[in-house]
Amino acid sequence: MIDTVDHALPHGITLHCRVSGEAGRPVLMFLHGFPEGAFIWDGLLAHFSRPEHGGWRCVAPNLRGFGPSSSPADAQAYRAKHLVQDVVALIAAECGAGQPLAALVAHDWGGAVAWNVANQRPELLQRLLIVNSPHPGAFVRELQNNPAQQAASDYMRFLCRPDAEALLAENDFARMFGFFNTPGGGGAPDWLTPAVREQYRRQWRQGLTGPCNYYRASPLRPPGSDDPGAAAVQLPPGMLTVRVPTQVLWGLNDPALLPGLLEGLGDWVPDLRVQPLPAASHWVVHEQPEAVAAALTSLLSRQQSASNAIDSIASGA
């Protein structure tokens, strides 16, 4: 069963969360991206909260600016440091002070936040599962040097326009639904049923300024004549290393995030597994939920097996 909880965080932001599983159990946290919401994770919340699949406490917040969560008006309120602060505070609220998540699972913008949490506060998560969300070092590199990735990311300029939210809402959110179209002009995907469309409409009717502000606040966009974008960004090595055990799922048919973003990840993430999905696009969570569930199950099992082995060695077994 999926319930909802409003977590009023100490710094004045409230995150509206979808939750499943018993409070006090080890926590799996799921972060959505643009233009989505916490509801995309419902199937995985229900799956992993069941006793036969681990009986985890599963928590999926609507990130700030999305749905019923707090939506500050100032675009600068969506800078990375504020998004990280939200997730760190939510981990404390769900896990207790100083206790880590069993795993953080994240897609798209949620992944951008998760990479930063894993870099800055690695003690707060035991594992990281990323779904089609570029590591910041790889994204800066590709936006600075790869014309194909620059072209694929050009939509970001549109989302920074002051009238973007009004244009996105036109004609029953036609442009928003267009983000989901099958690459190559195939039209709407099969998973975008009338019922799912209505879930999105309910989410988007609560406001689009917050989601657009993620793009307005970030310099990670293609450089242009009037905007240096990523060309002006230099990230020190200390902001790029992630030592949390990490698995990356990547739909290779993603038209916005190209496979070149997978190159060199091991230089920043020593404990890394990458699983390409040739038949998937950006919307892996919808297209192949069983692959996401299997990857998370594998990641949880792998780390538990490693912990058990270390305990056996320490005890002399």
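Colleague: What share of the chain is buried?
Modeller: Buried residues make up 52% of the 317 residues in the chain. Buried means under 20% relative accessible area, exposed is over 50%, and partly exposed lies in between, with a 1.4 Å probe and protein chains only. This is a predicted model, where local features need pLDDT of at least 70, side-chain atom pairs count only at pLDDT 80 or more, and totals for chains, interfaces and linings use all residues. Residues are numbered from 1 along each chain as its sequence is written, and side-chain values use heavy atoms, with hydrogens and water left out.

Colleague: How does the radius of gyration look against a compact globule?
Modeller: It agrees: with 317 residues, a compact globule would come out near 20 Å, and the chain has 19 Å. The radius is taken over C-alpha atoms, and the globule rule is 2.2 Å times the number of residues to the power 0.38. Along its principal axes the C-alpha trace spans about 65 × 40 × 40 Å.

Colleague: How many helices and strands?
Modeller: The chain has 12 helices and 8 strands. Both are DSSP runs numbered from the N terminus: helices are H or I with at least four residues, strands are E with at least two.

Colleague: What's the strand order in the sheet?
Modeller: β1-β2-β4-β3-β5-β6-β7-β8, in an open sheet of 8 strands with mixed pairing. Two strands pair if DSSP finds at least two bridges between them. β1 (3–8) and β8 (272–277) stand at the edges with a single partner strand each, so one side of each has no neighbour in the sheet. From one strand to the next, the twist averages 20°.

Colleague: Which strands does β5 pair with?
Modeller: β3 is one: residues 27–31 pair with β5, residues 103–107, in the parallel sense over 4 bridges. Leu 28 stands opposite Ala 103 there, and Leu 31 has Ala 106 as its bridge partner. β6 also runs parallel to β5, joined by 4 bridges.

Colleague: Which strands does α3 touch?
Modeller: α3 packs on the sheet against β3, β5, β6 (128–131) and β7 (246–251). Contact means heavy atoms within 4.5 Å. The direction of α3 makes about 145° with that of β5. Axes are lines fitted to C-alpha atoms, for helices over the stretch in contact, and angles run from 0 to 180 degrees between N-to-C directions.

Colleague: What hand does the β5, α3, β6 unit have?
Modeller: It is a right-handed β-α-β unit. That means that, with the strands pointing away from the viewer, the path from the first strand over the helix to the second runs clockwise.

Colleague: How far apart are the ends of α3?
Modeller: The end C-alpha atoms are 17 Å apart. The 12 residues, 109–120, should span 16 Å, which agrees. The expected span is 1.5 Å times one less than the number of residues. In α3, 10 of the 12 residues are buried, including Trp 109, Trp 115 and Asn 116.

Colleague: Switching to α9. Is that helix enclosed or open, and what covers it?
Modeller: Helix α9 (residues 209–217) has 8 of its 9 residues buried, so the rest of the structure largely encloses it. Among the buried ones are Cys 212, Tyr 214 and Arg 216. The cover includes α2, α3, α6 (155–160) and α7 (164–178).
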